[in-house]
Amino acid sequence: MTHPLSSAAPIGVFDSGVGGLSVLTELRRALPHENFIYLADTAHLPYGTREDDDIRQLTARAVTALHGQGVKAVVVACNTASAFSLDHLRSHFALPIIGLVPAVKPALKATRTGVVGVLATPSTMRGSLLQTVIREYAEPTGIQVVKAASPELVPLIETGQANSPRTRAVLRDILTPIAEAGGDQLVLGCTHYPFLSGSIRAEFGDQFALVDSGAAVARHTRNVLEQSGLLTEVPQPGEVRYLVTGEVEAARPQLTMLSGGSAGLFAAPSPLDIAAIQT
């Protein structure tokens, strides 16, 4: 199952839902001439409470679907999927696979209080990527890492409730221990969580500097494509196609609201180019 990689081909971006749009925005900033295909596995979200093997299987099916669309690289814009699937994907696909690691390292460098919070899904907390980063980079420095997780947050964001009273109540409950411990950095260890910045600020003011990995992943993706000779040579701005495994019209409001185009950052088609796909 191989095809020759072309610099003119699009870049695939995958997430369980709309969270990866935060990464897509950074990718489009760093790679404004590239075309993208964004695949949201809305039929199976959330991933954060699923079993390890289930996450691996769903991620492999999604990347297989993107491969079938002729992409030249895939960004797994989902911390949970990255935590369990990257080695498997890279052994099965002959194209660049870029994943996410929670941005603990920059938070460790920036902290002044010696306390860093990590907000992630239950599965990402359980996965080896986060544990390895904490063990290798935080523990030797003596910096305290305080973790927070909730299975409620991703479904709330997916249903348009990122700024709702319920979301703020959940955040208040799980982040208060980090604030009380003196945390001054909060790692957003899920691509959905940058969309919670307004609610976090409303509850905690400037207590935390919010740190996510979107911009770093975009820079890394550009470097990988450049080293592989896969950067596009076309001068015009790139476009985005959206694929969802669930109902198109159910996904449209959130995709439209949270896409870079709706934020005025890019010229977005209206309505968005969204199609259904089976994985």
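**Exercise 1.** How many helices and how many strands does the protein chain have?

*Solution.* The structure is a predicted model, in which local features need pLDDT of at least 70, side-chain atom pairs count only at pLDDT 80 or more, and totals for chains, interfaces and linings use all residues. Residues are numbered from 1 along each chain as its sequence is written, and side-chain values use heavy atoms, with hydrogens and water left out. Helices (H or I, at least four residues) and strands (E, at least two) are DSSP runs, numbered from the N terminus. The protein chain has 11 helices and 10 strands. Its radius of gyration, taken over C-alpha atoms, is 18 Å, close to the 19 Å that the globule rule gives for 279 residues, so the chain is as compact as a globular protein of that length. The globule rule is 2.2 Å times the number of residues to the power 0.38.

**Exercise 2.** Compare the span of helix H3 with its expected span.

*Solution.* Step one: H3 covers residues 79-92, which gives 14 residues. Step two: the expected span is 1.5 Å times one less than the number of residues. Step three: H3 reaches 20 Å from its first C-alpha to its last, close to the 20 Å expected.

**Exercise 3.** Which residues of H3 are buried, and what covers them?

*Solution.* Buried means under 20% relative accessible area (1.4 Å probe, protein chains only). In H3 the buried residues are Asn79, Thr80, Ala81, Ser82, Ala83, Phe84, Ser85, Leu86 and Leu89. Their cover includes strand E1 (11-15), helix H2 (52-68) and helix H6 (128-138). In the protein chain, 53% of the 279 residues count as buried.

Technical notes
Buried means under 20% relative accessible area, exposed over 50%, partly exposed in between (1.4 Å probe, protein chains only). Contact means heavy atoms within 4.5 Å.
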